[in-house]
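Here are my notes on the model you sent. Please read them alongside the coordinates.

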Amino acid sequence: MPSTATGAEHGNALPILNEIRHALARLLESGETSVIDLGALPMGPQDEAELLAALGEGEVEATIHAGGPSSVRETAFHGVWLLTHRNEAGETLARFIEIAFVPELLMSQAEDIADSAAELEKRLAERQNR
């Protein structure tokens, strides 16, 4: 994730927290999810540290292993998730804040569910034919 090496602060933690507040309201009102790409914003290490400290840590954390580990961590605010994508070497490639009931990364895709249903049906048929 791009950030300045100087430790300079760009003052983006507070505006991001305000955007999260508005996104939570939209989520509750309409079910609309929001994603904030932290790598697309000018953020120094101090900004990131301030933002992560303000968000805190929640109760849920998951790791996905696909092309490098990705972590999904709930913040102290329900519905606000921190997603971090890393490469095989463990270097951070991207970091997002997702405001959603469940992060999209954790949701099964319809095609995968269809494949699973077909596979289960096949296994059950094989078992009955024994």
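1. Where is Ile20 found? Ile20 sits in helix α1, which covers residues 13-30. Keep in mind that this is a predicted model.

2. Is Ile20 buried or exposed? Ile20 counts as buried because its relative accessibility is 5%, and the cut-off for buried is under 20%.

3. Which residues does Ile20 touch, leaving aside neighbours within four places in sequence? Ile20 is in contact with Ile36, Leu55, Val80, Ile97 and Ile99. Take Ile97 from that list. Ile20 and Ile97 are 77 residues apart along the chain, and their C-alpha atoms are separated by 8.5 Å.

4. Now the fold as a whole. The protein has 3 helices and 5 strands. Along the sequence they follow the pattern α-β-α-β-β-β-β-α. For contacts with a separation of 6 or more, 46% come from residues 24 or more positions apart.

5. Check the overall dimensions. The protein has a radius of gyration of 19 Å, whereas a compact globule of 130 residues would have one near 14 Å. The C-alpha trace spans about 70 × 40 × 25 Å along its principal axes.

6. On burial and surface: 28% of the 130 residues count as buried. Ile20 is one of the buried residues. The protein exposes about 8,300 Å², and carbon and sulfur atoms supply 54% of that area.

7. Last, charge. There are 22 negative and 9 positive side chains. The centres of the two sets lie 9 Å apart.

Key. Residues numbered from 1 in each chain as written. Predicted model: local features only at pLDDT ≥ 70, side-chain atom pairs only at ≥ 80, totals over all residues. Heavy atoms only, no water. Helix = DSSP H or I, 4+ residues; strand = E, 2+ residues; numbered from the N terminus. Rg over C-alpha atoms; globule rule 2.2 N^0.38 Å. Buried < 20%, exposed > 50% of the residue type's maximum accessible area, 1.4 Å probe, protein only. Contact = heavy atoms within 4.5 Å. Areas by Shrake-Rupley, 256 points an atom, 1.4 Å probe, with all protein chains shown as cover. Lys, Arg positive; Asp, Glu negative; His and termini not counted. Charge placed at Lys NZ, Arg CZ, Asp CG, Glu CD.
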